[in-house]
Amino acid sequence: MLTSEDYRGQVPAWCPGCGNFPILKAFKDAMVELGIEPHQVTMVSGIGQASKLPHYTKCNAFNGLHGRTLPVATGLRLANHEMLTIAVAGDGDCYGEGGNHLLHAMRRNINVKLFVHDNQIYGLTKGQASPTTGEGTVTKNMPFGVLSEQLNPLALAVALDCGFAARSFAGDVTHLKGIMKEAVRHKGFALVDILQPCVTFNKTNTYDWYKQRVYPLEPEYDPENRAAAFTRALEWGDRIPIGVLYRNRRLPYEDRVPVIAGRPLLRQNDVDLSRIATTIKEFF
């Protein structure tokens, strides 16, 4: 019988109380409840505290460059779209360095699930401002306060007609687990922005700060109403909605690529691999 212990990896080196711990638990529990074995999922990450999560699980994993999580995940899906592919990133890693890749992953609607640990700060590099740090916040490299407007990833996702755009909170593991399960079930690109306290470098957006503001979307809320979704995505401050803000039924990219529409690339035995080897030699 599959249990969360089947996903146990290395011992985490996060700070005590870090919001990454409940995210890790929610992920394991979601995989178990979906009946997905560790060998059936590949996690791709970049650089940062959030990107260490694949090391702390037992599954296929690829740890790449800062901000380059989605290109690797896209290549993996195109080679084998039978493999569940989950990209893990932080707000700096994904919305900063990897922002351009995020735009095009949403545009293509590649069937990758992106879980962003959004702690509104750079944790690994010790407290610099990230794209989601609130305007006016004083950080180590912003002594006069952040001068740029805070990025709203959910509003961006709805504007780009992202296949699935959701938000959850690391302080509510049950809700987060449910959102992760919905994202995995969705056929197409899925963005889950996870509000995650950084207990060391972000003294503003704490567990208590979020608990006073987050609220679940009403049962009657329609996530396929794009105009309503954009309105909710813009809601930030005293009230912050969590749940599936937007969802559509666009065909995923893999279903529109003729070469792999019938079967995954790795199962196409008629491909002459010797030609690939010859091409690779040209670069040496």
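**View 1. Glutamate 224 and arginine 249 form a salt bridge, with N and O 2.7 Å apart.** The term salt bridge here stands for a side-chain nitrogen of Lys or Arg within 4 Å of a carboxyl oxygen of Asp or Glu. Glutamate 224 sits in the loop between strand 7 (214-216) and helix 8 (226-233), and arginine 249 in the loop between strand 8 and helix 9 (258-261), so the pair ties together parts that are 25 residues apart in sequence. Helices (H or I, at least four residues) and strands (E, at least two) are DSSP runs, numbered from the N terminus. Arginine 249 is exposed at 69% relative accessibility, whereas glutamate 224 is partly exposed at 35%. Buried means under 20% relative accessible area, exposed over 50%, and partly exposed in between (1.4 Å probe, protein chains only). The model is predicted: local features need pLDDT of at least 70, side-chain atom pairs count only at pLDDT 80 or more, and totals for chains, interfaces and linings use all residues. Residues are numbered from 1 along each chain as its sequence is written, and side-chain values use heavy atoms, with hydrogens and water left out.

**View 2. A salt bridge joins the side chains of glutamate 182 and arginine 247 (3.7 Å, N to O).** Glutamate 182 belongs to helix 6 (residues 173-185) and arginine 247 to strand 8 (residues 240-247), so this pair ties together parts that are 65 residues apart in sequence. Both are partly exposed: glutamate 182 has a relative accessible area of 33%, and arginine 247 has 24%.

**View 3. Within helix 1 (residues 20-34), aspartate 29 and lysine 25 lie four residues apart, about one turn of the helix.** Their closest N and O atoms are 3.0 Å apart, in a salt bridge. Lysine 25 is partly exposed, at 45% relative accessible area. Elsewhere, Glu33, Lys177 and Lys181 are linked in a network of salt bridges. The whole structure has ten salt bridges.

**View 4. Strand 1 (residues 41-45) is largely enclosed by the rest of the structure, since five of its five residues are buried.** Val41, Met43 and Ser45 are buried on one side, and Thr42 and Val44 on the other. Strand 1 runs parallel to strand 3 (residues 84-90), with five bridges between them, and parallel to strand 2 (residues 60-63), with four. Two strands pair if DSSP finds at least two bridges between them. Valine 44 has alanine 87 as its bridge partner in strand 3, and stands opposite phenylalanine 62 in strand 2.

**View 5. The largest nonpolar core has 32 residues.** Such a core is a set of buried Ala, Val, Leu, Ile, Met, Phe, Trp, Tyr and Cys residues joined through side-chain atoms within 4.5 Å. Helix 1 gives the most to this core, with six residues. Among the residues with the most contacts inside the core are Phe27, Phe115 and Met180. Leaving aside neighbours within four places in sequence, methionine 180 is in contact (heavy atoms within 4.5 Å) with Ile23, Ala26, Phe27, Ala30, Phe115 and Ile194. A second, separate core of 28 residues includes Leu70, Ala73, Leu114 and Phe189.

**View 6. Phenylalanine 284 lies in the segment after helix 10 (273-281).** Phenylalanine 284 is exposed, at 83% relative accessible area.
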